[in-house]
Amino acid sequence: MSDLQEEGKNAINLPMCPAPVEVHPEDSLLEENEERTVIDPTSRDDPRFKELVKVLINWINDVLVEERIIVKQLEEDLYDGQVLQKLLEKLADCKLNVAEVTQSEIGQKQKLQTVLEAVQELLRPHSRPLQWTVDSIHGKNLVAILHLLVALAMHFRAPIHLPEHVSVQVVVVRKREGLLHSSHVTEELTTTTEMMMGRFERDAFDTLFDHAPDKLSVVKKSLITFVNKHLNKLNLEVTELETQFADGVYLVLLMGLLEDYFVPLHNFYLTPDSFDQKVHNVSFAFELMLDGGLKKPKARPEDVVNLDLKSTLRVLYNLFTKYKHLE
């Protein structure tokens, strides 16, 4: 009981006494009332934060592969607007009216202004408050850059799996009357996949995952029995729902069996060897489901390919509810 009380006291007191954060020398050069943000070192070392940065860097490099642009560090490579311009032009299939190369700070900020105005125009229907500015991006504020990239990835439904519930502790340093003052705030960079991709409605699977994990195995067992009853006709066997539907092949074949037709092999990749080919297969299976009178799946093809179990279960359960009486 005393350990529990001590733990409770620590939980209450610790946020009041944040660990000291190293302030960079340039912070002492702040103008009066100017502020700078620093990510707490413990947040930088968080595996989910590192994964988020890695996923976003890989995504940018994949999008810009034809431009021969390679991003290695977000703050250093994105602050001047050059990479952001190319990224937005590629994603939105547009051409921005900006100078190609700008060396001066004024020129870089003008380019950033144009890029960020174009982003705001794209995101306006979602009416989310913007969490970045020209000055914060140009000032190499990693939190602002991450907010911007996450928003772009969400808007363009990037074929990536962002780690969920990533938050960072940020130290805000402000100069007042010649003295530096610091405060600590928590910045939420990602929430859940459903929330980020605009699917706010919860369903039975959210409840199952959150509150009844013991019943999850029962549901999985029922779905495995259902799919194997049909796939066995092709001498195929499923043991792992998470992985065996991720390339879309079994989904396509299953739809053919359920609807009693042969799916021409030229319509999908029987042995997909890339992410794009797998997404093609799952997307094609979704089209077959729509043709069969099913509603459009809530899941994204990319989520199924990325081994998101909840998404895979939603897709299979839709099939189960319609075709469970088939012999």
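Are F268 and F284 buried or exposed? Please begin with this part and then describe the packing elsewhere.

Reply: The model is a predicted one. In it, both F268 and F284 are buried. Their ring centres lie 6.5 Å apart and their planes meet at 15 degrees; because planes under 30 degrees apart count as stacked, this pair is stacked. The two residues are 16 apart in the chain, and the pair links distant parts of it. F268 belongs to the loop between α13 (249-259) and α14 (275-291), whereas F284 lies in helix α14.

The model has 4 aromatic pairs by the rule applied. One of them joins F245 and Y250, with 6.2 Å from centre to centre and 85 degrees between the planes, an edge-to-face arrangement. F245 counts as buried because its relative accessibility is 1%. Y250 has a relative accessibility of 17%, and it therefore counts as buried too, since the limit is under 20%. Elsewhere, F226, Y317 and F320 are linked into a cluster by ring pairs.

Two packed helices are described by the angle between their axes and the distance between the axes. For α13 and helix α16 (residues 309-323), the angle is about 10 degrees and the axes are 12 Å apart. The two helices are therefore roughly parallel. On the side of α13, the contact is made by L251, L254, M255, L258 and E259; on the side of α16, by V315, L316, L319, K322 and Y323. Sorted by class, these residues comprise 8 nonpolar, no polar and 2 charged.

The axes of helix α5 (residues 82-92) and helix α8 (residues 142-155) come within 12 Å and cross at roughly 10 degrees. It follows that α5 and α8 are roughly parallel to each other. L84, L87 and L88 of α5 meet L148, L149 and L152 of α8 in this contact. Its residues are 6 nonpolar, with no polar and no charged ones.

In soluble globular proteins, nonpolar side chains tend to be buried together. Here, the largest nonpolar core has 49 residues, and I60 and L74 have the most contacts inside it. At least two residues of this core come from each of α3 (47-63), α4 (74-78), α5, α6 (105-123), α7 (134-138), α8 and β2 (167-176). The greatest contribution is that of α8, with 12 residues. A second, separate core has 37 residues, among them L231, M255, V263 and V279. M255 is also one of the α13 residues in the contact with α16.

Two residues show these surroundings in detail. Leaving aside residues up to four places away in sequence, L74 touches V53, I57, I60, Y79, L142, I145, L146 and L149. I145 itself is placed in helix α8. With a relative accessibility of 2%, I145 counts as buried. Under the same exclusion of sequence neighbours, I145 touches L74, E75, L78, I137 and K140. The C-alpha atom of I145 is separated by 9.4 Å from that of T133, which lies 12 residues away along the chain.

Note on methods: Residues numbered from 1 in each chain as written. Predicted model: local features only at pLDDT ≥ 70, side-chain atom pairs only at ≥ 80, totals over all residues. Heavy atoms only, no water. Axes fitted to C-alpha atoms, helices over the stretch in contact; angles between N-to-C directions. Helix = DSSP H or I, 4+ residues; strand = E, 2+ residues; numbered from the N terminus. Parallel < 35°, antiparallel > 145°, perpendicular 65-115°, else oblique. Contact = heavy atoms within 4.5 Å. Nonpolar A, V, L, I, M, F, W, Y, C, P; charged D, E, K, R; others polar. Buried < 20%, exposed > 50% of the residue type's maximum accessible area, 1.4 Å probe, protein only. Core = buried A, V, L, I, M, F, W, Y, C linked by side-chain atoms within 4.5 Å. Phe/Tyr/Trp six-rings, centres within 6.5 Å; stacked < 30°, edge-to-face > 60°.
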